[in-house]
Every structure is written in structure tokens, then in C-alpha cells.
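I opened a new structure today and kept notes as I went. These are the entries, in the order I made them.

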Amino acid sequence: MSDKIAILMATYNGEKYLREQMNSLLSQSYQNWVCYIHDDGSTDSTVDVIREYCDTYNGKFILADYPKQGGAKKNFLSLLNFHNSKYDEYYIMFSDQDDVWLPNKVEVTHQRMVELEDKTQDKPCLVFTDLRVVDKSLGTISESFMQYSKHNPDKLTVRNMFVGNPAPGCTMMINRKLENFAVKYTDARRIEMHDWWCMAIAATFGEIAYLNEPTIMYRQHGDNTLGAIERTSLAHYVGVLKEVFSGRRFGETKGRIEAKRLLAKEMAESFQGVDGSEDFIFVNELAQIEEKNKLKRICFYKKNHLYNSLQHGMWIMMCC
């Protein structure tokens, strides 16, 4: 029997594109799945659409009935807790409300996950894929999100995760072991996004695999919580210069450094005693970095190469 897969969908005022996304789930080549949906207080007809699909496709879509969470991160984290406490599917995927999944997304991601688990011993595992970047009408902007946004999906060490997260949550599949880790957090305010949290856990305690093919039409329409940024465009570089001269880049860099320290602190406290590996030692050191003087902080960031370019490194050294 094939593995049953849980798809966790977070919605908020998504009536415009939601039907297309739900239909793309129904069109998957791999059909042994159930989609759990939590709406975060929509004021449009999103919930009516969800209830229609729940009634029409009995058992395929389940509307989770619990209070509003306040934002995409909390919505997805709450779905992880909801699923982990009530249901037993071993593999879990995340779904945005406004994308369109390509027909083989579930099948090829599940196949890659099974291959990854065959090489591991009961570890938290995560698989992610590339995306096709499209406009609001599904016209192709780029065949590869990774190339478009200048992400390197091969940089998957725990240190890489504290530089940047290459994987949007909508491309991910995690196993139950990783979900069991992910729901152990003590303070959601320290977690920037659910997908980064899962990637950091997998990099520290488990295994990550990248599937180099697009499995989603990643819709960009101006209302995305997070989206694709073309990092080679003139507009991007003009924007960077404006941020530098306005002082905003300095403030944002300090904010990013603090966000990553808080993520490390959350991991260090949530998983204390779980693993004594070198990776977890690094996480604990980063969690306590604020206790060191400026010179020691600079040396730590340089030693661990916690930057993705010379320019980025200079900003890190100035702001750490």
C-alpha cells in the first residue's frame, strides 16, 4: 500500500486563486493524500470555497476548526501541531493558497523522500524542489526559482541554514520524525518562518535532499507573504543602493543577525540534550554569541563563514 501523505494548507483571503490550487491537488498523479486546511480569519469567501470542496470531495479536504493565529508562520506552525496531535500520516507537505502544483509534484517528491530515508537511520528528513516562477495569470517568468533568485540549493549544511534558506515551504516534504522535532518549539516568536525552522532542524539532526526539477507554478501577484526576487535585475541593485544610503541596509542586517541568533537560541533550548554532534555545538555557540565581545563575534562569523559573498560578509562584520 502506498504511503498516505498529509498536505497542510494555510489560507487567508485567498478566494481569487484558491480553486486553482485545490484543483491542482485533485489532479495529482499520486492520490493517496488528505489536505488539512486552517483559515486565519478570512473576510472574503475563502472559507465558503473550502467548505464546498470538503463537501464535494469527502475526506480529501478537512477544515481545521480552531482560532485565528495571526500570520502565515503561526498558521503553518499551528497546522503542524494540529496534525501531529490528531493524525498519523508519516509524510507531510506544505501548501500555499495561491500556487498551482504540477501534476507529478507529490509523486516525485515522495519518491525522492523514500530514497533519502533508505540511506538514513530513523532521522528527521526533508526533501525540497525547484519551482517555476509565474505571474498572476500563470505566465512563465522563470523556469527556475533557484536561478532567478540566485539561491544555491546544494548548500545544505547547518551553517548554510544560518546564512539563508534556499527552500520555500511550498516545495517541501518532511517525515514524521522531523514533524515531531518541529512541534517542540518553546517560543514561536524566535522562529522567522516554519520552513526555515524545518530546514534548520533537518540540517542539524537529519538529512536534506534537493530534487532539481520544478514541481510548482509559484505565482507572483503582489500580495504574496514572501515571494521570488530577481537578484540580477537593475531594479534590485538600485534598491540595494537606496538601502545603503538611507541606512536601512545597516538596520536590516542587524535585524537579520538577531533573527538567526534567536533561531539558534530556540533550537538550543528546544532540543537540549537531544544531540551532542558538532552541528549542535555550533548552534549552541551561535545562540550565545551576544555574550561575546565584538572581536570574538567577528572571529566566530568569519570562522564559520556565515555570509554568502564578500560584500555580505563586510556587512555582517560591521553589524554583528
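**Entry 1: the whole chain**

I noted at the start that this is a predicted model. I then looked up the secondary structure and found 13 helices and nine strands in the chain. Next I checked the overall dimensions. Along the principal axes, the C-alpha atoms fill a box of roughly 60 × 45 × 35 Å.

How does the radius of gyration agree with that of a compact globule? For 320 residues, such a globule would have a value near 20 Å, and the chain has 20 Å, so the two agree.

I also looked up burial. Of the 320 residues, 52% count as buried. Residues 24 or more positions apart account for 76% of them.

**Entry 2: histidine 110**

I went to helix 4, residues 105-118, where histidine 110 lies. Is histidine 110 buried or exposed? Its relative accessibility is 10%, and buried means under 20%, so histidine 110 counts as buried.

I then listed what histidine 110 touches, leaving aside neighbours within four places in sequence. The contacts are Asp3, Ile5, Tyr30, Tyr91 and Met173. I followed up the one with aspartate 3. Histidine 110 and aspartate 3 are 107 residues apart along the chain, yet their C-alpha atoms are separated by 8.7 Å. Their side chains are joined by a polar contact of 2.9 Å.

**Entry 3: arginine 176**

My next stop was helix 7, residues 176-182, which holds arginine 176. The relative accessible area of arginine 176 is 15%, under the 20% cut-off, so this residue is buried too.

Which backbone oxygen lies 2.9 Å from a polar atom of the arginine 176 side chain? I found that it belongs to tyrosine 87. The side chain of arginine 176 also reaches the backbone oxygen of glutamate 89, at 3.3 Å.

Both partners turn up again in the contact list. Leaving aside neighbours within four places in sequence, arginine 176 is in contact with His83, Asn84, Tyr87, Asp88, Glu89, Tyr90 and Ile92.

**Entry 4: positive phi values**

I looked at backbone angles next. Most residues other than glycine have a negative phi. I noted two residues with a positive value.

Asparagine 13 has a phi near 45°. I placed asparagine 13 in the loop between strand 1 (5-11) and helix 1 (15-26). With 31% relative accessibility, asparagine 13 counts as partly exposed.

Histidine 305 has a phi near 50°. I found histidine 305 in the loop between helix 12 and helix 13 (310-319). At 46% relative accessibility, histidine 305 also counts as partly exposed.

**Entry 5: the second largest pocket**

I finished with a pocket. The second largest pocket holds about 160 Å³ of space. Which helices each supply at least two residues of its lining? They are helix 11 (278-287) and helix 12 (294-303).

Six are charged, four are nonpolar and one is polar.

Definitions and conventions. Residues are numbered from 1 along each chain as its sequence is written. This is a predicted model: local features need pLDDT of at least 70, side-chain atom pairs count only at pLDDT 80 or more; totals for chains, interfaces and linings use all residues. Side-chain values use heavy atoms; hydrogens and water are left out. On a 1 Å grid over the protein atoms alone, a cavity is a set of points where a 1.4 Å probe fits but cannot get out, and a pocket is an open set with protein on both sides within 12 Å along at least five of seven lines; lining residues have an atom within 4 Å of a point. Grid points are joined across faces, edges and corners, and a volume is the space filled by probe spheres set on the points. Helices (H or I, at least four residues) and strands (E, at least two) are DSSP runs, numbered from the N terminus. Ala, Val, Leu, Ile, Met, Phe, Trp, Tyr, Cys and Pro count as nonpolar, Asp, Glu, Lys and Arg as charged, and the others, Gly among them, as polar. Buried means under 20% relative accessible area, exposed over 50%, partly exposed in between (1.4 Å probe, protein chains only). Contact means heavy atoms within 4.5 Å. A polar contact is a pair of N or O atoms within 3.5 Å; within protein, one must be able to donate a hydrogen and the other to accept it, and residues adjacent in sequence count only if both atoms are side-chain atoms. The radius of gyration is taken over C-alpha atoms; the globule rule is 2.2 Å times the number of residues to the power 0.38.
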